[in-house]
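Here's a quick briefing to read with the model open beside you. Have a look at the fold first, then work through the notes by topic.

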Amino acid sequence: MGRWQDGRGKLIVHGEREELAVPLEIASSYRARTRGLLGRDSVDGALLLSPAGSVHTFGMRFPIDVAYLDRGLRVIAVRTMRPGRLGLPRVRSRHVLEAGAGVMDGWGVRVGVRVKVVVE
C-alpha cells in the first residue's frame, strides 16, 4: 500500500488455490489518472488509479471492468462499464483497478478479495 509513483508493476490476486500475477500500470499523478485508458484500444493487464474513488468512461473505445479497492487493497465492488458512462463514487474506495471487460472474473477479482501491488 502507500503512495506509488507512475510506472509498472504486477498485480497479485490472492485466489482460492493460488496467486495470480497480472501486468500492471500504475497511474498516481494527476495527469496519469486523468489520461487513464483514454485513446487506447486495449489494456495489457490492468491499470491502477491511485488515489481514486470513481471513474468515467467518456471517450473510451472499449468496455472495461472496474474494481474499487479500500485502503487495505480489498475489493469492495466490481462493475463492467461500457463507453460513455459515469461510475458512482464508492465511499470507502481509495484505489480503482481498470481492465478489459470480462477479465477480472477470470483473475478471481471479486468483492472481498485482497490484492497486492508489486512495483518493478
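What follows covers the pocket, one histidine and some charged pairs.

This is a predicted model, so local features need pLDDT of at least 70 and side-chain atom pairs count only at pLDDT 80 or more, while totals for chains, interfaces and linings use all residues. Residues are numbered from 1 along each chain as its sequence is written, and side-chain values use heavy atoms, with hydrogens and water left out.

**The largest pocket**
- The largest pocket holds about 220 Å³ of space, and of its 15 lining residues, Arg33, Thr34, Leu49, Val55 and His56 are the closest to the centre.
- A pocket here is an open set of points on a 1 Å grid over the protein atoms alone, where a 1.4 Å probe fits, with protein on both sides within 12 Å along at least five of seven lines; lining residues have an atom within 4 Å of a point.
- The volume is the space filled by probe spheres set on the points, which are joined across faces, edges and corners.
- Helix H1 (residues 30-35) gives the largest share of the lining, four residues; helices (H or I, at least four residues) and strands (E, at least two) are DSSP runs, numbered from the N terminus.

**His95**
- His95 sits in strand S6 (residues 95-100) and is buried, at 8% relative accessible area.
- Buried means under 20%, exposed over 50%, and partly exposed in between (1.4 Å probe, protein chains only).
- The His95 side chain makes a polar contact with that of Ser50 at 2.7 Å; such a contact is a pair of N or O atoms within 3.5 Å, where within protein one must be able to donate a hydrogen and the other to accept it, and residues adjacent in sequence count only if both atoms are side-chain atoms.

**Salt bridges**
- The whole structure has four salt bridges, each a side-chain nitrogen of Lys or Arg within 4 Å of a carboxyl oxygen of Asp or Glu.
- One of them joins Lys10 and Glu120 (3.4 Å, N to O), linking strand S1 (residues 7-14) to the segment after strand S7 (115-119), 110 residues apart.
- Lys10 is partly exposed at 33%, and Glu120 is exposed at 64%.
- Glu25 and Arg40 also pair up, at 2.8 Å, N to O; Glu25 is in strand S2 (residues 19-27) and Arg40 in the loop between H1 and strand S3 (46-49), so the bridge ties together parts 15 residues apart in sequence.
- Glu25 is buried at 14%, while Arg40 is partly exposed at 24%.
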